[in-house]
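Subject: Structure for you to look at

Hello,

Here is the structure I said I would pass on. Please open it first, then read the notes below it.

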Amino acid sequence: MASLNEGEPLLRTLKDRDKYYAHTHISKPYETLDQHLKLVVRYFLKLIEEHHLEPIIDALILDGIPENITNKEKVGNYIKEAFFLTILYHDFGKINHLFQEKKMKNSRGDFEIVEHKVDSQHSIISAYIYLMHVLDNDFLEYNDIEQTFTDAIISSFAYPIVKHHAKYLDSVLDIDFDSQENLFYKYLKLFEKDMPQNVEVLHEIVTDIETSFKQFDNLKVNHFNFYALLKLNFSLLTASDYYATGEYMQDLKVDDFGLVKGKLREKVIQNFKHIKSYNKNLFEKTELLKNISFEDLQEQSNNNLNLLRQKLAAQVLTSLRLYSDDHLFYLEAPTGAGKTNVSLACAIELLESNERLNKIFYVFPFTTLVTQTFEAIKGSLAIDNEYIIQLHSKSGFHQKNEEVNDGNYGEKRLNFINNHFVNYPITLLTHIKFFDILKGNSKETNYIFHRLANSIVIIDELQSYNPKHWDKVIYFLSNYAKLFNMKIILMSATLPKIDNLLEKNSPMKGKVKYLISPESKTKFFQNSNFAGRVSFDYSILDKYNWKRPNGEAQKEKFLQDLVEKIFIESEKYASTNKQKVKSVRSLVEFITKKTASKVLKMLQTDRRFNDYKLYLISGEILDPRRRQIINAIKANQDDKVILVTTQVVEAGVDIDMDLGFKDRSLIDSDEQLAGRVNRNASKSNCKVFLFDYDTTSFIYKGDKRLDVGSMYQREVYKNILESKDFDTNFYEIVKTEIISLNQAEAVQNFSDYFQHFKRFRFRDINTNFKLIEQENESIFVPLIIPIDHFSSEDQKVASYFCVPNIENENGVLYIDGKDVWSKYVDIVTENQERNNDYFSNQTQLKQIYGLLAKFMFSAFSNQVKELSTYFDLEVSEQYGIRYMSHWKKIYSYEKGIDVDMLERGDIFL
């Protein structure tokens with residue numbers, strides 16, 4: 001196809017273009033429309049070049065054109081030119097005399113006066129001029145099928161122009177030119193191009209978008225291609241416009257778009273291969289490690305465990321080399337196999353073998369996993385904050401190398417731009433953030449959509465998604481992987497093969513490659529260093545005949561028996577511990593915070609546990625307290641410890657315990673908990689005791705895994721956990737249930753969801769696919785926290801904003817949440833009252849928000865309702881954060897929410 005650099009982009013330029021302004025400035029000459037458009041085009045072409053987007057645009061267009069269009073090359077070039085011209089035309093509506101007079105204060109007075117209803121708006125006029133010019137190009141020479149197709153696609157391209165200043169995309173069919181009284185065609189005479197010969201015909205076509213789509217369904221169009229092309233167009237248009245405006249307004253010229261290339265590519269490859277000896281060994285002796293016999297690694301030892309990890313990594317690298325032309329991969333690895341290091345080895349291998357790949361995304365279910373892996377990657381690659389960023393709601397403002405309060409003004413503004421567009425070679429983010437980029441309809445998420453192209457994406461803990469969304473998950477991943485030249489690695493210890501849910505005619509059906517063969521997978525998972533690392537004990541379940549206790553008396557007796565079991569087994573382990581100090585670390589997990597709190601109180605009042613350190617982690621325990629607990633458990637190896645927790649511990653908490661006690665829920669959740677016990681296979685007699693106490697249906701409502709799990713007989717359940725075969729007896733049944741639902745006519749299914757792509761309904765595509773059904777709200781608790789519970793970066797931010805340190809009578813320094821909140825309010829108020837520099841304002845907000853987040857936890861709407869009497873409602877409504885002004889009645893730093901004070905305490909997790 002023709003290059004985007006070909007042609008004459010100024011062919012349709014404006015007459016007397018220097019008299020129209022695009023932006024004003026307090027200290028420099030106003031920017032003309034021509035200057036602005038040229039700058040936007042320059043950034044657009046730069047983004048295309050840097051991200052290697054042109055082949056992707058070509059493929060999206062050509063592979064999406066219906067088969068019954070014979071002249072694909074000509075039609076493809078026409079659409080490609082139209083794609084580019086959205087960038088050139090997006091602001092031509094600024095010739096609107098009311099825009100010039102009201103917004104630009106342009107008093108020339110010789111503008112074309114066109115009567116219309118849009119006042120000083122410009123985007124809708126830009127879209128009209130764009131369509132009249134572009135459709136006049138070759139459109140009327142096409143046959144009926146070609147006209148039907150190109151009309152719908154090019155009309156869709158007008159939508160990003162209409163919405164380039166809006167916060168959200170809704171539906172292409174929402175374009176409204178007010179056709180009954182539309183006089184926009186009068187603007188056409190202002191351009192260096194003859195008025196269209198068929199202006200009436202074109203005007204009717206352009207102003208009736210709905211009719212343009214009526215015949216569209218009769219064509220076999222690959223709708224996802226053009227949905228992705230529209231998102232890419234919107235991303236490039238808004239990003240280029242933002243960069244160009246920033247260069248004019250703030251003198252911010254951006255040349256570095258945060259890519260893995262040149263010296264950085266060489267640096268990360270060499271650092272990974274040489275800093276740590278086992279990675280050097282992995283790449284130098286791949287064949288040798290791959291061929292080590294499983295029989296020689298059966299004895300349980302830390303040495304054999306490490307050899308198994310390297311053997312697994314070597315097999316993965318070999319498979320990756322074999323499948324170098326593929327795009328979507330499964331990486332199944334047992335808990336404790338070092339998935340993070342293996343996946344990073346995959347990323348390094350892909351970078352070394354494919355020059356087009358130039359960025360890495362790591363995707364996790366929880367922010368704790370993001371933070372934990374962030375530090376691990378920095379160490380493995382010997383890189384600093386200049387090359388890696390973590391992206392989540394609590395991450396605050398990402399600083400590069402300079403101190404928070406150092407660096408000149410220009411550097412800080414450039415830092416803001418890099419944060420805003422995530423211009424970093426390696427990005428760590430949550431599942432929610434990542435899928436918002438893939439399918440989201442907001443401008444904020446689409447700003448960085450173009451960065452997906454030619455990226456390596458590693459998605460951890462795939463099983464954390466609700467099965468009802470698996471079909472949508474694989475639909476997006478398989479399409480983007482192929483179309484955007486992405487290498488996507490899906491990994492988990494209990495991995496559902498969701499590619500089986502793809503439609504029969506999907507080009508990705510059967511194309512997901514296994515990096516570990518099924519035969520090897522079984523041998524890895526059943527090796528004693530993985531499967532024998534922890535044994536499951538069912539004695540509590542057997543005692544209660546695998547049934548939940550009923551009635552308060554039976555429930556009370558059950559918990560007393562459980563506490564007794566915890567004591568006996570913990571003491572037994574401590575007495576047989578081979579270490580000099582008879583220590584033990586027991587992990588006790590419940591489904592609800594209410595039960596966890598109740599058992600913690602029972603432990604605290606039982607004298608037998610006086611020599612134990614007792615901790616609690618639940619969903620509303622703040623990050624500094626969680627960090628303190630984990631560090632204490634790691635540092636004090638001689639202590640007897642019992643950590644009582646809810647399911648938040650299953651992933652993202654980097655601890656190694658000796659014993660586990662778990663209220664069973666989903667079977668793969670039970671396996672996840674076992675992953676926190678004897679992680680390095682360096683201990684013996686480590687067990688996980690399973691019991692059944694709280695009901696799980698309110699947490700996993702609508703999750704097919706719960707329905708399937710409830711059907712299991714005890715022997716089947718045991719077999720799955722002990723054989724680690726989650727596929728045959730578990731996930732295959734779940735997938736059968738999903739396929740059955742998708743074939744049913746009476747329920748909402750994937751076919752219904754797919755209909756939104758046919759009309760490019762961006763809002764519906766986004767809102768009908770939510771990984772988390774309930775909306776989260778942030779709750780701020782203004783308590784005092786010891787300063788040493790904060791990271792050094794948080795302490796720097798506190799110092800920068802002059803948040804005082806409070807010293808108690810023992811000389812311990814604290815940070816008071818009230819002082820942090822007060823500083824946040826000051827910044828918000830100052831930004832509202834003064835017209836300060838936008839970049840500086842937003843940077844300060846992000847910086848203080850990162851510190852603010854350390855006093856915050858998230859809650860679902862039903863939980864927020866239960867806590868409503870403890871909030872300052874006026875403050876909460878004003879700032880969009882629930883401010884818990886009466887926290888002393890309900891909350892403590894060590895134990896979180898006192899659920900006994902609530903009517904429905906069992907809803908907290």
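The chain has 35 helices and 23 strands; helices (H or I, at least four residues) and strands (E, at least two) are DSSP runs, numbered from the N terminus. This is a predicted model, in which local features need pLDDT of at least 70 and side-chain atom pairs count only at pLDDT 80 or more, while totals for chains, interfaces and linings use all residues. Residues are numbered from 1 along each chain as its sequence is written, and side-chain values use heavy atoms, with hydrogens and water left out.

Of the 909 residues of the chain, 59% count as buried. Buried means under 20% relative accessible area, exposed over 50%, and partly exposed in between (1.4 Å probe, protein chains only). Contact means heavy atoms within 4.5 Å. Among contacts between residues at least 6 apart in sequence, 79% join residues at least 24 apart.

Helix 9 covers residues 223–250, which is 28 residues. From its first C-alpha to its last, helix 9 reaches 40 Å, close to the 40 Å expected; the expected span is 1.5 Å times one less than the number of residues. Just after helix 9, D251 takes a positive phi of about 60°.

Next, a pair of helices. Helix 11 (residues 277–284) packs against helix 13 (residues 302–322) at an angle of about 45°, with the axes 10 Å apart. Axes are lines fitted to C-alpha atoms, for helices over the stretch in contact, and angles run from 0 to 180 degrees between N-to-C directions. That angle makes helix 11 oblique to helix 13; angles under 35 degrees count as roughly parallel, over 145 as roughly antiparallel, 65 to 115 as roughly perpendicular and the rest as oblique. On the helix 11 side, the contact is made by Y278, N281, L282 and F283. Helix 13 contributes Q310, A313, A314, L317 and R321.

Two single residues remain. Y615 is found in strand 12 (residues 612–617) and is buried, with a relative accessible area of 13%. Not counting residues up to four places away in sequence, Y615 touches several residues, including L600, R625 and V641. Y615 and V641 are 26 residues apart along the chain, and their C-alpha atoms are separated by 7.8 Å.

K718 lies in helix 27 (residues 714–723). K718 is also buried, at 16% relative accessible area. Leaving aside neighbours within four places in sequence, K718 is in contact with Y538 and W546.

Regards
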